[in-house]
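Hello,

Here is the structure I promised to pass on to you. Please open it alongside this note, and then read on for what turned up in it.

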Amino acid sequence: MEEKTLKGPFKADHVGSFLRPERLKQARLQKEKGEITAGQLKKIEDEEIIQLVEAQKCAGLKSVTDGEFRRKWWHFDFLAGFDGVDFVEADKSLQFNGIQTKAHGIKVTGKIRFTSHYMIEHFQFLHSAAGDAVAKFAIPSPNMLFHRADFAEGIYETDEELVADLIAAYQGVIQALYDAGCRYLQIDDTSWASFFSEKGRESIRSKGKDPDKVAVLCARAVNESIADKPQDLLVTMHICRGNFKSTHMSSGGYGALAEIIFGGLDVDGLFLEFDDERSGGFEPLRYVNRPDLTVVLGLITSKSGKLEDSDLVKERIAKAAAYLPLEQLSLSPQCGFASTEEGNLLTEEQQWEKVRHVVDIAKEVWE
């Protein structure tokens, strides 16, 4: 199939993760108990992903993902695919708003390198199943390892040394995904939210680091990772404040980091949460300094099944258009529906209603 060249995210787009079907959940439990083999689990994953791709098309989406159906976590599973990074049972779990996750994590036990990555095969399967739709693949930002990993002693002496290896590893895996046919890559990053509030910035200071210097380093990690990307590879970034069982990890508007996010990241598009007051207003959009950057407004929440009022959504799009031309805006849910295998607290039927809602509103606004 001839590869498509995309100028930006679609007017109706999505973040990528979907609720795991019950059959898949049961199969994963059976595999953990030793009741089925890895091959049998893969067969079920394949079948469920094929059905998911068709469901996305039927809902009106032009880009399709594998729903992250093969992952437990949206980030740890991918990061553990690099040499020198291990998926581990952590000493403590991540703390969300009133709820804790499973105690999983990643640990850097050697120099970070890319030689191969098991998720290349995951993309290849999605690409073969996508048909006439665009296969979008979501990977965590290099900043997620920088912010979330534990480190064995003596591996890295400085942040600069770590980031240099991270950049090289990401350059390698991004090129490998491109060679496998990927033309739409989404980089997911919740670490930016640490800079949005004084509480988050104080947490960075408590580790002996300067938040402003760390933010610059994080921007460099992203920009240099994609600096040599092929021209026909669309790279977007999704920024959110955490998503686990319909809860969040942090709050704060984009204003505290507006110049870096809107004027300093070399991505083609930004998927941004704007579903509630935690995200602040649209004023920071005035820092966008490129006519070729698309901002995807996450105005439809994935954290509950209640449908937003269409007129109110369109009013909010109009408010955003006061700061950025309408042609540079798109619409999506504010996050995925299942950043972890547990998923958010809504039904599959409500999930698809949300997706169709995005598609219908986008048609009314942009077509």
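**Aromatic rings**

One aromatic cluster is made up of Phe 196, Tyr 254, Phe 262, Phe 274 and Phe 282. Rings of Phe, Tyr and Trp (its six-membered ring) pair if their centres lie within 6.5 Å; planes under 30 degrees apart count as stacked, over 60 as edge-to-face and the rest as tilted. By this rule there are 12 aromatic pairs. In one of them, the ring centres of Phe 18 and Trp 352 are 5.0 Å apart and the planes stand at 15 degrees, so this pair is stacked. Phe 18 belongs to the segment before helix H1 (22-32) and Trp 352 to helix H11 (residues 348-366), so the pair joins distant parts of the chain, 334 residues apart. Both Phe 18 and Trp 352 are buried (under 20% relative accessible area, with a 1.4 Å probe and protein chains only; exposed is over 50%, partly exposed in between).

Before you go further, a word on the model. It is a predicted one, where local features need pLDDT of at least 70 and side-chain atom pairs count only at pLDDT 80 or more, while totals for chains, interfaces and linings use all residues. Residues are numbered from 1 along each chain as its sequence is written, and side-chain values use heavy atoms, leaving out hydrogens and water.

**The sheet**

Seven strands form an open sheet in the order E1-E6-E8-E9-E10-E11-E12, with parallel pairing. Strands E1 (63-64) and E12 (329-333) are at the edges with a single partner strand each, so one side of each has no neighbour in the sheet. Helix H4 (residues 119-130) packs on the sheet and touches E1 and E6, a contact being heavy atoms within 4.5 Å. Helices (H or I, at least four residues) and strands (E, at least two) are DSSP runs, numbered from the N terminus, and two strands pair if DSSP finds at least two bridges between them. Strand E6 (residues 134-140) and strand E8 (residues 184-189) pair in the parallel sense over five bridges; in E8, Gln 186 is the bridge partner of Ala 138.

**Confidence**

The protein chain has an average pLDDT of 91, and 91% of the residues score at least 70; pLDDT is the predictor's confidence in each residue, from 0 to 100. Over residues 93-101 pLDDT stays under 50. Where pLDDT is low, the predicted coordinates should not be read in detail.

Best wishes

Conventions
Axes fitted to C-alpha atoms, helices over the stretch in contact; angles between N-to-C directions.
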